[in-house]
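Me: Take me through one part of this model in detail. I want the strands, their partners and the aromatic rings that go with them.

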Amino acid sequence: MPRALCIGELLIDFVSTTPDVTLADAPGFVKAPGGAPANVAVGLAKLGVDAGFIGKVGADPFGDFLTETLQQNSVDTAYLIAGETSRTTLAFVATRSDGMKDITFYRHPGADIQLSPDEIDADYIQSAALFHYGSVSLSHSPTREATLKAIQCAKSAGAFISYDPNLRLMLWDNPDEARHWIWEMMPFADVVKISEEEWEFITGDVELPRGIERILGLDVKLLVVTLGERGCYFTNGNANGYVEGFTVEVVDTLGAGDAFVAAMLSRLIKHTDLTSLNTDQLESIMRYANAAGALATQKVGVIPSLPTPQEIKQFLS
């Protein structure tokens with residue numbers, strides 16, 4: 001049984017071959033496996049944490065490709081289901097040098113939102129030490145109910161729970177529903193990672209203090225706000241600080257956040273009490289995660305760019 005489990009979307013990213021042009025003007029695209037929770041599963045596996053992925057793809061060539069990709073990267077796919085009734089979700093991504101994302105999804109409905117609660121295996125989930133989820137799988141039924149069931153199974157078994165909302169507004173019926181469900185799932189998490197560009201939408205505040213107070217008030221043990229190339233801010237209520245990012249020549253920013261999360265979790269999984277971590281310990285963990293995020297921007301496509309421990313060690317030295 002895997003030590004870490006991730007649940008959510010697994011899809012194909014078609015990434016434009018020419019930066020800074022619109023999707024309509026892009027002359028070509030490169031096919032790449034994607035989906036934030038699946039990326040985190042691969043990131044963890046590459047960093048030596050036994051990982052599994054729970055989700056749904058179509059019973060089609062793209063679904064086969066995605067399943068094989070996870071297996072080739074040592075991710076357990078026992079509960080990655082190939083659905084007969086819907087096709088694998090596709091995303092078209094226009095690459096931009098400023099790091100912002102211009103994405104259009106083909107999901108009407110995609111297989112990723114067809115995972116149902118009766119396809120969730122409680123025994124499989126309750127054997128894991130770490131459980132990670134996002135908000136994309138909360139956007140529609142039945143995958144919303146499946147995700148909730150899985151989180152509750154993990155929580156009841158005492159797993160360490162990680163949450164990256166990974167906001168994709170175009171996948172929701174309306175912004176209010178997105179905000180509602182993002183907050184609804186917050187109290188289950190021990191660690192929450194939110195990116196700077198998502199912060200104002202989620203918390204309703206540009207400044208950090210009020211949002212931090214609200215999130216930590218939900219019994220979240222550690223909150224991390226990623227700031228792109230500027231690094232990240234962290235707080236566990238007792239220790240807080242800012243860790244600078246690394247300056248690198250960026251090829252593709254897609255997936256840098258997932259690399260950050262995987263590296264952070266690979267270190268946090270060793271600690272049972274997040275609130276007892278001091279500033280030095282947290283700074284070391286976040287520097288490691290920042291390095292992984294920076295390395296992930298060096299290649300096109302997320303999964304090929306997720307770093308190994310040796311690559312992070314070499315980069316940090």
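This is a predicted model: local features need pLDDT of at least 70, side-chain atom pairs count only at pLDDT 80 or more; totals for chains, interfaces and linings use all residues.

Reply: Residues are numbered from 1 along each chain as its sequence is written, and side-chain values use heavy atoms, with hydrogens and water left out.

Start with strand 4, residues 51–58. Strands here are DSSP runs of E with at least two residues, helices are runs of H or I with at least four, and both are numbered from the N terminus. Eight of the eight residues in strand 4 are buried. Buried means under 20% relative accessible area, exposed means over 50%, and partly exposed is in between (1.4 Å probe, protein chains only). Ala-51, Phe-53, Gly-55 and Val-57 point one way. Gly-52, Ile-54, Lys-56 and Gly-58 point the other way. Both sets are buried, Lys-56 included.

Now its partners. Two strands count as paired if DSSP finds at least two bridges between them. Strand 1 (residues 4–7) pairs with strand 4 in the parallel sense, over four bridges. There, Leu-5 stands opposite Gly-52. Strand 6 (residues 80–83) also runs parallel to strand 4, joined by four bridges. Val-57 has Ala-82 of strand 6 as its bridge partner. Strand 5 (residues 75–76) pairs with strand 4 in the parallel sense over two bridges. Gly-52 faces Asp-76 in that pairing. Between strand 4 and strand 5 the chain passes through helix 2 (residues 61–72), a right-handed β-α-β crossover. Right-handed means that, with the strands pointing away from the viewer, the path from the first strand over the helix to the second runs clockwise.

Next, strand 7 and strand 8. They run antiparallel, joined by five bridges. Ala-94 stands opposite Asp-102 of strand 8. Side chains alternate along strand 8 (residues 102–106). Ile-103 and Phe-105 point to one face and are buried.

Then the rings. A pair of aromatic rings is described by the distance of the centres and the angle of the planes. Rings of Phe, Tyr and Trp (its six-membered ring) pair if their centres lie within 6.5 Å; planes under 30 degrees apart are stacked, over 60 edge-to-face, and the rest tilted. The structure holds seven aromatic pairs. In one of them, Phe-29 and Phe-92 have ring centres 5.4 Å apart and planes at 85°, so the pair is edge-to-face. Phe-29 lies in strand 3 (residues 29–34) and Phe-92 in strand 7 (residues 90–94), so this pair ties together parts 63 residues apart in sequence. Phe-29 is partly exposed at 31% relative accessible area. Phe-92 is partly exposed too, at 21%.

Tyr-79 and Tyr-124 form another pair, with centres 4.5 Å apart and planes at 40°, so this one is tilted. Tyr-79 lies in the loop between strand 5 and strand 6, and Tyr-124 in helix 3 (residues 122–126), so the pair ties together parts 45 residues apart in sequence. Tyr-79 is partly exposed at 24%, whereas Tyr-124 is buried at 4%.

Ring pairs link Phe-14, Phe-29, Phe-62, Phe-92 and Tyr-106.
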